[in-house]
Amino acid sequence: FNKLIQKFDAAYKEEFSTIIIPKEMTIINNIQCLLGEERIKRLGATDTFLILMACLTHDIGMILTYKIIEEEWGKDNFKNLLIRLSESSDLVISESAKLLLKPKDCNQDNFKWALEIKNAVIVLTAEIFRNKHAKQSADNILSNDEFKKLADNYYSEQLPNRFIELLADIALLHGESFNYLMSCLYPEANGYKGDYIHPRFIACMIRLGDLLDFDNNRFTSNPQ
């Protein structure tokens with residue numbers, strides 16, 4: 001994942017949660033503390049592996065390439081989305097959308113307006129993708145060849161397809177309701193070489209680890 005993160009546009013990265021390896025390691029540590037040593041000893045090998053993999057992959061939808069951003073902004077109905085955002089109760093979001101819908105006159109003597117537009121684009125991109133990052137994470141795991149090529153230490157081709165599909169489900173479901181999660185995942189399933197996995201348990205651990213990380217340096221200190 002390090003190579004993928006290095007290719008992530010820094011201008012957009014600062015507007016999102018700091019989704020980098022140290023943050024995911026914090027989630028792993030949260031789960032470890034929550035379970036305790038005795039419960040960890042009772043985990044099967046495949047459960048342990050999938051918990052670690054889910055921690056590292058469930059938020060990869062927050063890592064955006066320029067191509068993904070360009071495709072979103074180039075959609076035919078994007079203006080309608082800007083109009084909806086201009087009606088947001090969040091003043092920063094609504095003002096950003098209004099600025100792009102009706103740009104100010106471009107003063108050729110003072111180019112501060114260019115920075116205002118840049119900031120509006122960053123704010124709106126963050127809002128658009130934050131709300132859909134769980135699905136984007138699932139899509140990246142399942143079918144984003146560009147992501148798989150960049151994340152050269154994510155050996156997806158060496159994993160059984162059912163594990164890849166489960167990781168995608170967990171990524172998608174961490175953005176859905178708890179009841180929906182419970183209805184979508186089995187409590188137990190076949191693991192690898194004779195052991196068993198517990199999809200609901202793994203997905204719930206990811207949600208709890210994420211929740212416990214909420215106020216632990218998760219957001220950038222950049223006030224802009």
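Let me begin with helix α5 (residues 66–73), whose buried residues are Ile68, Ile69 and Glu72. They span an arc of only 95° around the axis, which places them on the same side of α5. That arc is taken over the directions from the helix axis to the C-beta atoms. Buried here means under 20% relative accessible area, exposed means over 50%, and partly exposed lies in between (1.4 Å probe, protein chains only). Helices are DSSP runs of H or I with at least four residues, numbered from the N terminus.

A word on the source: this is a predicted model, in which local features need pLDDT of at least 70 and side-chain atom pairs count only at pLDDT 80 or more, while totals for chains, interfaces and linings use all residues. Residues are numbered from 1 along each chain as its sequence is written, and side-chain values use heavy atoms, with hydrogens and water left out.

I turn to the salt bridges, each defined as a side-chain nitrogen of Lys or Arg within 4 Å of a carboxyl oxygen of Asp or Glu. By this rule the count is seven. What does Glu72 pair with? Its partner is Lys132, at 2.9 Å from N to O. Lys132 sits in the loop between α8 (112–130) and α9 (133–143), and Glu72 in helix α5, so this pair ties together parts that are 60 residues apart in sequence. Glu72 is buried, at 8% relative accessibility, whereas Lys132 is partly exposed at 28%.

Asp139 is partly exposed, with a relative accessible area of 29%.

In helix α3 (residues 21–42), Lys41 and Glu38 are three residues apart, which separates them by about one helical turn. Their side chains meet in a salt bridge at 3.9 Å, N to O. Lys41 is exposed at 57%, and Glu38 is exposed at 56%. Together with Glu37, these residues are linked in a network of salt bridges.

Next, the surface. Leu34, Leu208, Leu211 and Leu212 form a nonpolar patch with about 370 Å² of accessible area together. Helix α13 (residues 199–212) contributes the most, with three residues. Leu208, found in this helix, is partly exposed at 36%.

Finally, the cysteines. The structure holds zero disulfides, a disulfide being a pair of cysteine sulfur atoms within 2.5 Å. Cys33 is exposed at 55% relative accessibility, and Cys184 is partly exposed at 37%.

Note on methods:
Patch = residues over 30% accessible without salt bridge, like charges linked within 9 Å, V, L, I, M, F, W, Y side chains within 5 Å. Areas by Shrake-Rupley, 256 points an atom, 1.4 Å probe, with all protein chains shown as cover. Helix = DSSP H or I, 4+ residues; strand = E, 2+ residues; numbered from the N terminus.
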